[in-house]
Amino acid sequence: DAGITQSPRYKITETGRQVTLMCHQTWSHSYMFWYRQDLGHGLRLIYYSAAADITDKGEVPDGYVVSRSKTENFPLTLESATRSQTSVYFCATGTGTGIQYFGAGTRLSVL
Amino acid sequence: GENVEQHPSTLSVQEGDSAVIKCTYSDSASNYFPWYKQELGKRPQLIIDIRSNVGEKKDQRIAVTLNKTAKHFSLHITETQPEDSAVYFCAASINNNNDMRFGAGTRLTVKP
């Protein structure tokens, strides 16, 4: 769906480097989310945001930082990337009724 | 926090047969249960959902049932087709608070 865009789609980085994954939505949904997807674990919630300037930890927040200064953007930063953070990252938006819409994903490899 | 378990992890059926995927949840306060389909290399997409005030919901060939007492819910796909082949995820959340927890997924293969 063009309403939610993730960038980059693919990223290779080295351990210890800072990496920022971007998420942008055009729907004005109040909720935004970051998940990581690993084999055998399904989708695990990292952080979510109910509105601009409001963020909450999810199931696996350690090693990640988020911000939401504008409703449409929800960047995810890995302050010092580790190999265990190699994963596929999905951003999603929510309507406030539980329903979520996912972006196309970012495949991150940490070497 | 909420814990969602999903079974089986893989499921193979013949075209035209039915497929059933089951999930259990731990928190009795959960009241929203969506199912997502993820095709290879694609994003998860919502296919059906159910809220705790309903016991069953149908949409063409797919249906979801919910047993609040036993804390489990199931996805039923009838007359399966090869294009139903994908990974299916169940999820649960409490009071639409959007802190949604997902099952580990079921890889469904429909053989022509």
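This is a predicted model: local features need pLDDT of at least 70, side-chain atom pairs count only at pLDDT 80 or more; totals for chains, interfaces and linings use all residues.
**Second largest pocket, continued.** I get a volume of about 180 Å³. The lining has 14 residues, and nearest the centre I find His41(A), Glu59(A), Asn3(B), Val4(B) and Phe102(B). By class I have 4 nonpolar, 5 polar and 5 charged residues.

**Largest pocket.** Here I get about 810 Å³ of space. I count 34 lining residues, with Gln37(A), Leu39(A), Gln38(B), Leu40(B) and Arg107(B) the closest to the centre. Chain A brings in β4 (31–38), β9 (87–94) and β11 (106–110), and chain B brings in β9 (86–94) and β11 (106–111), each with at least two residues of the lining. The classes split into 12 nonpolar, 16 polar and 6 charged.

**Sheet in chain A.** I then traced an open sheet of 4 strands, ordered β1-β3-β8-β7, with antiparallel pairing. β1 (4–7) and β7 (64–66) of chain A each have a single partner strand, so one side of each has no neighbour in the sheet. On average, neighbouring strands in this sheet are turned by 15 degrees against each other, direction ignored.

**Inside the sheet.** I looked at β3 (residues 19–25) and β8 (residues 76–78) of chain A, which run antiparallel and are joined by 3 bridges. For Thr20(A), the bridge partner in β8(A) is Thr77(A).

Conventions:
Residues are numbered from 1 along each chain as its sequence is written. Chains are lettered from A and ligands numbered from 1 in the order in which they are written. Side-chain values use heavy atoms; hydrogens and water are left out. Two strands pair if DSSP finds at least two bridges between them. Axes are lines fitted to C-alpha atoms, for helices over the stretch in contact, and angles run from 0 to 180 degrees between N-to-C directions. On a 1 Å grid over the protein atoms alone, a cavity is a set of points where a 1.4 Å probe fits but cannot get out, and a pocket is an open set with protein on both sides within 12 Å along at least five of seven lines; lining residues have an atom within 4 Å of a point. Grid points are joined across faces, edges and corners, and a volume is the space filled by probe spheres set on the points. Ala, Val, Leu, Ile, Met, Phe, Trp, Tyr, Cys and Pro count as nonpolar, Asp, Glu, Lys and Arg as charged, and the others, Gly among them, as polar.
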